[in-house]
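Here is a short briefing to read alongside the structure. Have a look around first, and then we can go through a few topics together.

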Amino acid sequence: MEQSVTTRDLYNALRDRLALEWVAGEPGGHRSLGDVEDGPTLAGPLNFIHPNRIQVIGRAEAEFLDGMPPDARREAVTRLFEIAPAAVVLADGVGPDALLIAQAAATSTPLLRTPFPIGELLEHLQYYSSIALAERITLHGVFLEVLGMGVLITGDAAVGKSELALELISRGNRLIADDAAMFSRIAPDIISGTCPPVLQDFLEVRGLGIVNIRAMFGDSAIKRNKYLRLIVRLKRMTDAELATVDRLSGCHDNRLVLGLQVPEVTIPVAPGRNMAILVETAVRNHMLKLKGYDASTAFIETQREAVIGDLGDED
């Protein structure tokens with residue numbers, strides 16, 4: 001899902017962290033950071049040949065401009081704003097002169113200023129863009145941190161997801177999002193999940209209605225975000241379906257999320273089953289697999305060695 005992130009969004013997010021000052025061009029705050037077709041670098045030092053979406057002027061770039069003859073400098077600054085960047089940011093404490101302010105105002109181009117060094121500024125801008133401009137999707141389910149791992153619990157309506165989440169939280173695990181978790185691919189192999197602001201801290205439990213997990217269990221019961229590592233699917237199964245389940249390896253598969261294969265385990269729902277313990281066991285089992293240990297493989301190997309040993313004894 002394509003995101004629409006504006007210069008004002010960036011300013012609001014980084015204003016305090018970078019001590020950003022909006023110098024001129026405020027009407028251009030609606031300019032998008034991610035609408036450039038050719039995919040230039042989002043932010044970088046002043047570049048006229050391959051323009052950055054955010055043009056940064058540090059001390060070296062300011063000295064370069066100041067060293068030009070007046071007419072050439074005026075032409076360069078005019079060209080800078082004609083490129084229509086999302087913003088021009090002055091770093092290293094560089095102060096804006098009258099020409100920069102006039103061009104920013106005339107073209108409604110946001111002109112920002114920060115005392116931070118250009119290198120540190122670019123690191124913050126790149127990190128922000130990797131989060132804000134990442135491809136996103138909203139998935140139905142309850143997203144929790146279970147034993148330190150990001151786990152999305154899915155299943156049909158009224159299958160018991162919220163009740164299970166409540167029990168897991170009471171066991172010391174943490175809620176991230178209920179009903180509609182937002183996921184974004186922030187790196188080639190990383191999907192991060194968080195909660196829409198309007199749903200933060202709340203969990204819907206049938207029969208109880210909406211409960212506030214933070215107010216009920218404290219701040220430690222809430223986690224702001226987590227990488228998605230495992231999907232647990234709750235499913236009611238008929239006897240015929242249960243008969244098809246591999247008793248050695250269980251119901252394991254992968255689910256495609258934002259172009260990445262995320263491990264998924266299906267847990268049959270039935271009266272009397274302790275679902276919270278089963279989910280925690282699924283997480284522990286997945287952790288072991290990540291370390292290279294597979295219990296079903298080890299079991300088969302143990303049986304094979306036992307059979308070979310018995311055959312050897314017969315000889």
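How many of the 10 residues of strand S14 (residues 260-269) are buried? The count is 7, so strand S14 is largely enclosed by the rest of the structure. Please keep in mind that this is a predicted model.

**Overall picture**

- The protein has 10 helices and 14 strands.
- Its radius of gyration is 27 Å, well over the 20 Å that the globule rule gives for 315 residues, so the protein is more spread out than a compact globule.
- Taken along the principal axes, the box filled by the C-alpha atoms is roughly 95 × 60 × 30 Å.
- Of the 315 residues in the protein, 41% are buried.
- Among contacts with a separation of 6 or more, 68% come from residues 24 or more positions apart.
- The protein exposes about 16900 Å², and carbon and sulfur atoms supply 53% of that area.

**Strand S14 and its partners**

- Strand S12 (residues 225-236) pairs with S14 in the parallel sense, over 6 bridges.
- Within this part of the structure, leucine 234 stands opposite isoleucine 267 in S14.
- Strand S13 (residues 252-257) also pairs with S14, over 6 bridges, but in the antiparallel sense.
- Aspartate 253 stands opposite glutamate 264 in S14.
- The hairpin of S13 and S14 has 2 residues between the strands, and leucine 258 takes a positive phi near 55 degrees there.

**Aromatic pairs**

- The structure holds 2 aromatic pairs.
- In one of them, the ring centres of tyrosine 11 and tryptophan 22 are 5.0 Å apart and the planes stand at 75 degrees; angles over 60 count as edge-to-face, so this pair is edge-to-face.
- Tyrosine 11 belongs to helix H1 (residues 7-18) and tryptophan 22 to strand S1 (residues 21-24), so the pair ties together parts that are 11 residues apart in sequence.
- Tyrosine 11 counts as buried at 11% relative accessibility, and tryptophan 22 is buried with a relative accessible area of 10%.
- The rings of phenylalanine 143 and phenylalanine 183 have centres 4.9 Å apart and planes at 65 degrees, so this pair is edge-to-face.
- Phenylalanine 143 lies in strand S6 (residues 135-146) and phenylalanine 183 in strand S8 (residues 174-187), so their pairing ties together parts that are 40 residues apart in sequence.
- Phenylalanine 143 and phenylalanine 183 are both buried.

Notes:
Residues numbered from 1 in each chain as written. Predicted model: local features only at pLDDT ≥ 70, side-chain atom pairs only at ≥ 80, totals over all residues. Heavy atoms only, no water. Phe/Tyr/Trp six-rings, centres within 6.5 Å; stacked < 30°, edge-to-face > 60°. Helix = DSSP H or I, 4+ residues; strand = E, 2+ residues; numbered from the N terminus. Buried < 20%, exposed > 50% of the residue type's maximum accessible area, 1.4 Å probe, protein only. Pairing = 2+ DSSP bridges. Rg over C-alpha atoms; globule rule 2.2 N^0.38 Å. Contact = heavy atoms within 4.5 Å. Areas by Shrake-Rupley, 256 points an atom, 1.4 Å probe, with all protein chains shown as cover.
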